[in-house]
2 protein chains.
Amino acid sequence: MSETFYVVPAEQHNALVEAAYKHRGFDADEAAAAAKFSAHASRHGIRTHNALKALHLDHLFGSFAGGCVPSAKIEKKESRFAASEIWNANKKLGQATAYEAMDTAIALADKYGIGQVAVDNAFHYLWGGGYVMEAASKGYIAYTNCTAALAEVVPFMGKFPTLGTNPHSWGFPTTDAVGFPIVIDWATSVVAMGRVQQLAREGKQLPPNAAVDKDGNVTTDPAKVAALTTFGAHKGYGLSLINELVGGFIGGSLPTLRSRWDRVPEEKHTPAFYFQVIHPDAINGGAFAMGRNQAQNVKAVIEDVLGHGNESCILPGQIEANAAKQTDAAGGLLFSEAEIKAFNEIAEECGADSWSLDSFKKAE
Amino acid sequence: MSETFYVVPAEQHNALVEAAYKHRGFDADEAAAAAKFSAHASRHGIRTHNALKALHLDHLFGSFAGGCVPSAKIEKKESRFAASEIWNANKKLGQATAYEAMDTAIALADKYGIGQVAVDNAFHYLWGGGYVMEAASKGYIAYTNCTAALAEVVPFMGKFPTLGTNPHSWGFPTTDAVGFPIVIDWATSVVAMGRVQQLAREGKQLPPNAAVDKDGNVTTDPAKVAALTTFGAHKGYGLSLINELVGGFIGGSLPTLRSRWDRVPEEKHTPAFYFQVIHPDAINGGAFAMGRNQAQNVKAVIEDVLGHGNESCILPGQIEANAAKQTDAAGGLLFSEAEIKAFNEIAEECGADSWSLDSFKKAE
């Protein structure tokens with residue numbers, strides 16, 4: 001890192017984040033879930049989904065906009081299917097909902113080998129990778145997808161944005177094998193809209209085939225971007241469509257109306273979540289070569305993939321694992337001066353003590 | 001179609017395919033599964049995985065090479081997990097194994113809302129899309145992945161092929177909504193090795209970033225291709241890695257030794273399969289806008305995605321559905337003159353009557 005970071009004790013960070021959420025009307029459990037998740041994101045270097053972004057999203061789409069309802073109660077629907085749960089989140093805070101859903105899917109997987117939780121009327125859970133990473137750290141194979149807040153992405157060969165950036169997140173329990181959980185986690189657009197805005201500010205061009213202008217023609221000029229495209233042409237389109245279909249089966253309404261609370265009030269405007277957990281014992285054939293056990297076999301497979309001249313490749317989740325090591329070595333969460341300034345605006349909003357730059361250790 | 005096709009009655013096709021498989025030692029059930037699957041592929045225009053390719057693969061990697069054992073019995077392992085099964089396929093024919101596994105996953109989903117079947121010691125199942133398409137036609141959300149026969153793909157930023165082309169296949173029960181099941185089905189390489197060979201024959205160049213030469217440098221010259229790359233850079237790499245990880249958890253051995261029966265005999269050389277089925281009722285929140293039911297809601301979501309100027313976009317699975325319509329209208333399976341010639345070589349191999357071109361109707 002060439003930027004200077006300040007080391008903020010996790011307790012101090014969490015106290016401010018909890019205060020900010022409580023100030024906005026969320027209850028203690030919700031505020032604690034939001035603080036825990038933000039600390040988890042910051043610890044792993046996920047600056048796009050730290051507490052500042054979470055509170056900003058809550059402002060744009062959440063408790064300020066009617067998309068999220070503080071203290072909402074999750075309603076668990078009757079189901080005839082033992083390994084499945086269906087919830088109406090009633091627009092409860094996404095982080096609190098997602099933590100509970102993943103824990104429930106884990107409990108189902110413990111019993112049935114695989115379990116799923118479908119969540120209707122949800123609110124943005126921020127970073128799907130965080131939930132599957134935690135489940136994978138506990139020893140499970142975990143997956144989640146959601147429909148992203150806004151339809152910003154055009155279908156393959158299309159002109160108008162009707163799909164969300166619709167992320168997929170998979171986590172694998174590989175800590176024994178490689179020291180950290182492998183986490184495969186990305187949006188199905190080439191870039192995020194935030195990245196377009198950043199490139200516009202910096203006067204830079206977009207990568208090829210990442211966006212279209214208002215007429216649906218491909219552009220690399222961030223000032224002309226009207227919508228994003230899916231990565232990998234028809235393949236990313238298919239992956240983005242999966243989230244819309246799963247959301248549609250669960251209870252999500254038209255993608256172009258998502259989070260657009262001012263349009264067609266009879267339609268729904270909420271995203272949907274899907275969670276799935278697999279117990280690794282439930283797919284363990286027990287017949288590994290060379291007398292290996294399951295973890296040793298997975299380790300051998302990974303070593304083969306990254307061998308033979310591929311030693312400079314990295315594994316998905318490795319950058320986040322390295323960030324966590326740096327955070328832990330520094331003894332606190334790492335924030336830039338600009339981020340700390342933004343935290344102080346949050347402190348002002350909720351009447352908490354502001355943070356003094358001088359009180360923090362520096363880390364390079 | 002500008003090429004001329006001959007209309008071969010499905011019964012005539014199936015009789016020859018069954019005879020060919022029986023001639024190679026497969027039992028009646030296996031031969032019937034192989035014929036059924038080949039007809040299914042040909043009906044949907046999947047010429048890369050028709051009976052000719054299936055028998056060719058059997059020759060290269062299967063019953064001729066020790067990778068597939070005719071009349072092998074599937075061994076179902078004890079499991080403490082009610083919604084999960086773990087099988088040792090003992091190198092049984094992939095099509096027979098996959099049909100049975102998908103049927104089993106459907107039965108589990110009927111009971112638990114979601115079910116999974118993990119298969120160790122498998123043999124190539126050809127076209128994953130075919131199995132999920134059939135499950136989706138029956139009303140289920142279905143998924144499968146497998147580890148591809150050979151390690152032909154380099155990891156992102158790598159130089160040496162250590163990953164299979166590792167396909168993923170998802171099927172959705174959308175026949176009520178759009179007239180056919182949406183099937184998202186592709187390999188995680190930009191192109192298949194067969195496509196490279198085809199371009200070499202035609203003197204054409206590869207698309208950019210699809211392959212590397214023997215030194216690991218990107219090339220578009222099909223004659224210089226030593227290995228393939230994943231689509232979508234690190235995103236396709238992650239998707240390919242998923243299959244290796246799932247295969248490793250099930251019981252697959254080192255990717256670079258897969259199907260390489262002559263190398264390191266103490267290691268395993270078989271691929272692994274993974275099947276998963278979700279009952280759509282198990283994720284139905286029952287609270288669709290505008291009084292829609294689940295199928296109507298999914299239809300509304302799809303219409304929104306393909307509306308607003310996106311009317312020329314197609315859905316994944318639409319090309320295959322259109323091919324099936326053409327096949328059905330023609331009244332039989334459609335094969336080119338070259339393909340019929342190849343079928344007659346198969347007929348000669350197994351002592352069956354050869355096909356006379358004159359006996360078939362033509363279709364354009």
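In the predicted model described here, A:Gln294 lies in helix 9 of chain A, which spans residues 294-305, helices being DSSP runs of H or I with at least four residues and strands runs of E with at least two, both numbered from the N terminus. Because its relative accessibility is 11%, A:Gln294 counts as buried, a class that covers values under 20%, with exposed meaning over 50% and partly exposed the range in between (1.4 Å probe, protein chains only). The side chain of A:Gln294 reaches the backbone oxygen of A:Pro280 at 3.1 Å. When residues up to four places away in sequence are not counted, A:Gln294 touches A:Pro280, A:Asp281, A:Asn284 and A:Phe288, and also B:Phe249 of the other chain, contact being defined as heavy atoms within 4.5 Å.

Residues are numbered from 1 along each chain as its sequence is written, and chains are lettered from A and ligands numbered from 1 in the order in which they are written. As the model is predicted, local features need pLDDT of at least 70 and side-chain atom pairs count only at pLDDT 80 or more, whereas totals for chains, interfaces and linings use all residues; side-chain values use heavy atoms, with hydrogens and water left out.

The contact between the two chains takes 96 residues from chain B and 96 residues from chain A. The area buried between them is about 7300 Å², of which carbon and sulfur atoms give 67%, buried area being the accessible area (1.4 Å probe) that two parts lose on being put together, summed over both. B:Phe249, together with B:Lys235 and B:Ile283, supplies 11% of the area that chain B buries against chain A, more than any other three residues.

Four salt bridges are found across the interface of chain B and chain A, under the rule that a side-chain nitrogen of Lys or Arg lies within 4 Å of a carboxyl oxygen of Asp or Glu. A salt bridge joins A:Glu267 to B:Arg292, with the closest N and O atoms 2.4 Å apart. Among the elements that give two or more residues to the side of chain B that touches chain A are strand 3 (84-88), helix 4 (94-112), helix 8 (234-250) and helix 9 (294-305) of chain B. The largest share of this side, 14 residues, comes from helix 8 of chain B.

Elsewhere in chain B, B:His59 is found in helix 3 (residues 51-61), and B:His59 counts as partly exposed because its relative accessibility is 38%.

How values were computed. Polar contact = N/O pair within 3.5 Å; in protein donor to acceptor, adjacent residues only side chain to side chain.
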